[in-house]
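Subject: Handing over the predicted structure

Dear colleague,

I am passing this structure on to you, with my notes on what was found in it following directly after. Please read them with the model open beside you.

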Amino acid sequence: RGNAKYALEDYKGAIDDYTKGIEINPNYEDNYYSRGKAKYKLEDYYGAIGDYTKAIELNPNEAYNYFSSRGNAKYALEDYKGAIGDYTKALELDPTDVYNYWYRGSAKYELEDYKGAIDDYTKGIELDPNDEDSYWMRGAAKENLEDYYGAINDFTKAIELDPTDATNYYSRGNSKFELGDLKNACKDWEMATELGSKDAASQVVKNCK
């Protein structure tokens, strides 16, 4: 019943049912995990972490989803180091999960560990070469390291995977601008503007007219 309420986005009702299930059987890990997910949806990240932690305690060897979810809650609280620790543990249990590489890379990015972020995005791309977000994030990390040619390559790949995403064109334009290629930077910003990017429109007005 808790799962049905969760599916209906009645997260408070779902929490009540999962709590009742825990009272009946306090050693059933899935109720803690599910209650944690409902709390996460309600932005009760500390409460979610408590439930995920209990689920991990009950079944640490099969808990990669629990570690991953707890990492997400810590990420939401800007505890990036704690999030990295949980994503790392999740990857130890399942090294094929693309999303944990992406999220760990993003936590590293927030800590300005751009080289570490690039490593994680690269691993994710190896597992899923059609993941547009990983190319864009890797490009952004390279841009922060002033590897503008590498950034352009990644933004270009992201554009190939989704030619309707304005952010990809805007970002590629920025890297081209940093390399002094104003003509082609303007082309990218103009395309991003057509796709609805206000930031790109500002660049066009400032640099291309």
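The side chains of Lys142 and Asp154 meet in a salt bridge, with N and O 3.0 Å apart; the term stands for a side-chain nitrogen of Lys or Arg within 4 Å of a carboxyl oxygen of Asp or Glu. Lys142 belongs to helix H9 (residues 132-144) and Asp154 to helix H10 (residues 148-161), so the pair ties together parts that are 12 residues apart in sequence. Helices here are DSSP runs of H or I with at least four residues, numbered from the N terminus. Lys142 and Asp154 are both buried, where buried means under 20% relative accessible area, exposed means over 50%, and partly exposed lies in between, with a 1.4 Å probe and protein chains only. Elsewhere, salt bridges that share partners join Arg1, Lys5 and Asp17 into one network.

Before going further, please keep in mind that this is a predicted model, in which local features need pLDDT of at least 70 and side-chain atom pairs count only at pLDDT 80 or more, while totals for chains, interfaces and linings use all residues. Residues are numbered from 1 along each chain as its sequence is written, and side-chain values use heavy atoms, with hydrogens and water left out.

Lys89 counts as partly exposed because its relative accessibility is 33%, whereas Glu92, at 55%, counts as exposed. As background, an α-helix has 3.6 residues a turn, so residues three or four places apart point the same way.

Next comes the largest pocket, which has a volume of about 190 Å³. A pocket is found on a 1 Å grid over the protein atoms alone, as an open set of points where a 1.4 Å probe fits, with protein on both sides within 12 Å along at least five of seven lines, and its lining residues have an atom within 4 Å of a point. Grid points are joined across faces, edges and corners, and the volume is the space filled by probe spheres set on the points. The lining consists of Tyr6, Tyr33, Lys37, Tyr40, Lys41, Tyr52, Asn65, Ser68, Ser69 and Asn72. By type, the lining divides into four nonpolar, four polar and two charged residues; Ala, Val, Leu, Ile, Met, Phe, Trp, Tyr, Cys and Pro count as nonpolar, Asp, Glu, Lys and Arg as charged, and the others, Gly among them, as polar.

Helix H4 (residues 45-58) has 14 residues and should span 20 Å at 1.5 Å a residue, which agrees with its end C-alpha atoms being 20 Å apart; the expected span is 1.5 Å times one less than the number of residues. Its buried residues are Tyr45, Gly47, Ala48, Ile49, Asp51, Tyr52, Ala55 and Ile56, and what covers them includes H3 and H5.

Two loop residues deserve a look for their backbone angles. Glu78, in the loop between H5 and H6, has a phi near 65°, a positive value in a residue other than glycine, and it counts as exposed because its relative accessibility is 58%. Glu112 likewise has a phi near 65°, is found in the loop between helix H7 (98-110) and helix H8 (114-127), and is exposed, with a relative accessible area of 59%. In general, most residues other than glycine have a negative phi.

Finally, Lys108 lies in helix H7 and is buried, with a relative accessible area of 15%. Not counting residues up to four places away in sequence, Lys108 touches Ile84, Asp113, Gly116, Ala117 and Asp120, contact meaning heavy atoms within 4.5 Å.

With best wishes
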